[in-house]
Structure formats: C-alpha cells, structure tokens
Amino acid sequence: MTKILLLSDTHSYIDDDILKYVKQADEVWHAGDIGDLQVTDAIKALKPLRGVYGNIDNSEIRTEFPENNRFMCEGVDVWITHIGGYPNAYNMRVREAIKANPPKLFICGHSHILKVMPDKKLNLLHMNPGAVGKHGFHKMRTMLRFTIDSGKIDNLEVIEFDKRY
C-alpha cells in the first residue's frame, strides 16, 4: 500500500501545515504551477516527489519536471498533467491520447477547483486537488490524500486549510 498526498498550484507557497501532511505520506504528487523550486525542494527533503510543470512555471522548473508524467503505482496507471480538463471536456492537448490509451487515474491541476469524478466512458478516475497556494481566485486551500493498494484507489480524503485571505 502506498499513501499519496496530491497537491497542485502552490504558486511558490509552502508552509509547515502542508509539510505536516507531506511527512505522513509515502509519496507526494504535484500537479503543476509549482512557482519556485524551494517548494519542491522542501517536499523532496522529506518524501519522494513526482510532479509536472504548470503554465506559470519558469524554464528552471520545466527542466526539472515534465509536462506529462505517466507511471505505474501499485498496479495503477497514473497520468499527471497540469492542464487536462475534465471528463467529456478534456483539453485538446491530451484529448486524443487519453481516448487512445486511458490511464486508470488522470490527475490535473490549473483550475484551482477541487474535483474528483469518474469518467465512465473511459473507465478512469479524474482528480484535481484544487489549489494549496495562496495565489488565485480560490477561497479555500485544498489537497487530497488517498491510498493505492494492489490496483485499488481508496481512502480518499480532502484536506482543507484556512481561507487563503
């Protein structure tokens, strides 16, 4: 079993409250808009990190992280990208690839809106953890945590922080 902490849209923000949850995870996954490598360096000092760059990320971040990160975790095919859209409305950049070879778990960020929903047509689970940084229009800072065990995604929890104002 692997305990995953999923976050996105940090926009250069990391604090002890976020790092407390990082310490409880086996792996941390970042769905882009990192903002500053100090964020990912702080996470990597504690736990293994998988991530992608987002649309606000500079060339230094884009050198360290890919646009798409597809990998297997405990028998689950995972695809993380920053701008991915939603079931029935995938971004044109990924639409054909996701239809041709759907993962079991598709993760994106960008919208700052926490959303977890099945795509019944492609038999996948879509996750967007919302935004945990303080920059953007969102009112509540959010992350997700869950487990993956023998091909099963389970124990999903929403982590909410104080309003970002």
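Helices (H or I, at least four residues) and strands (E, at least two) are DSSP runs, numbered from the N terminus. The structure is a predicted model, in which local features need pLDDT of at least 70 and side-chain atom pairs count only at pLDDT 80 or more, whereas totals for chains, interfaces and linings use all residues. Residues are numbered from 1 along each chain as its sequence is written, and side-chain values use heavy atoms, with hydrogens and water left out.

Leu37, Val39, Thr40 and Ile43 are the buried residues of H2; buried means under 20% relative accessible area, exposed over 50%, and partly exposed in between (1.4 Å probe, protein chains only). These residues lie on the same side of H2, because they cover an arc of only 150° around the axis. The arc is that of the directions from the helix axis to the C-beta atoms. An α-helix has 3.6 residues a turn, so residues three or four places apart point the same way.

## Nonpolar cores

The largest nonpolar core has 20 residues, of which Leu5, Leu7, Val28 and Met143 touch the most other members. Such a core is a set of buried Ala, Val, Leu, Ile, Met, Phe, Trp, Tyr and Cys residues joined through side-chain atoms within 4.5 Å. Two or more residues each come from strand S1 (2-7), helix H1 (16-24), H2 and strand S12 (152-163), and H1 provides the largest share, 4 residues.

Leaving aside residues up to four places away in sequence, valine 28 touches Leu5, Leu7, Val22, Ile43, Lys47, Pro48, Leu49 and Arg50. Another core, of 16 residues, lies apart from the largest one and has Ile4, Ala31, Val52 and Ile80 among its members.

## Salt bridges

The whole structure contains 7 salt bridges, each being a side-chain nitrogen of Lys or Arg within 4 Å of a carboxyl oxygen of Asp or Glu. One of them joins arginine 50 to glutamate 27, with the closest N and O atoms 3.0 Å apart. This pair links distant parts of the chain, 23 residues apart: arginine 50 belongs to strand S3 (residues 49-51) and glutamate 27 to strand S2 (residues 27-30). Arginine 50 is partly exposed at 25% relative accessibility, whereas glutamate 27 is buried, at 15% relative accessible area.

In the salt bridge between lysine 44 and glutamate 64, the closest N and O atoms are 2.3 Å apart. Lysine 44 lies in helix H2 (residues 37-44) and glutamate 64 in helix H3 (residues 59-64), so this pair ties together parts that are 20 residues apart in sequence. Lysine 44 is partly exposed, with 39% relative accessibility; glutamate 64 is also partly exposed, at 35%. A further salt bridge connects arginine 70 with aspartate 77, the closest N and O atoms being 2.6 Å apart. Arginine 70 counts as partly exposed at 32% relative accessibility.

S4 and strand S5 (residues 76-81) run antiparallel and are joined by 6 bridges. Asparagine 68 has threonine 81 in S5 as its bridge partner.

Notes:
Two strands pair if DSSP finds at least two bridges between them. Contact means heavy atoms within 4.5 Å.
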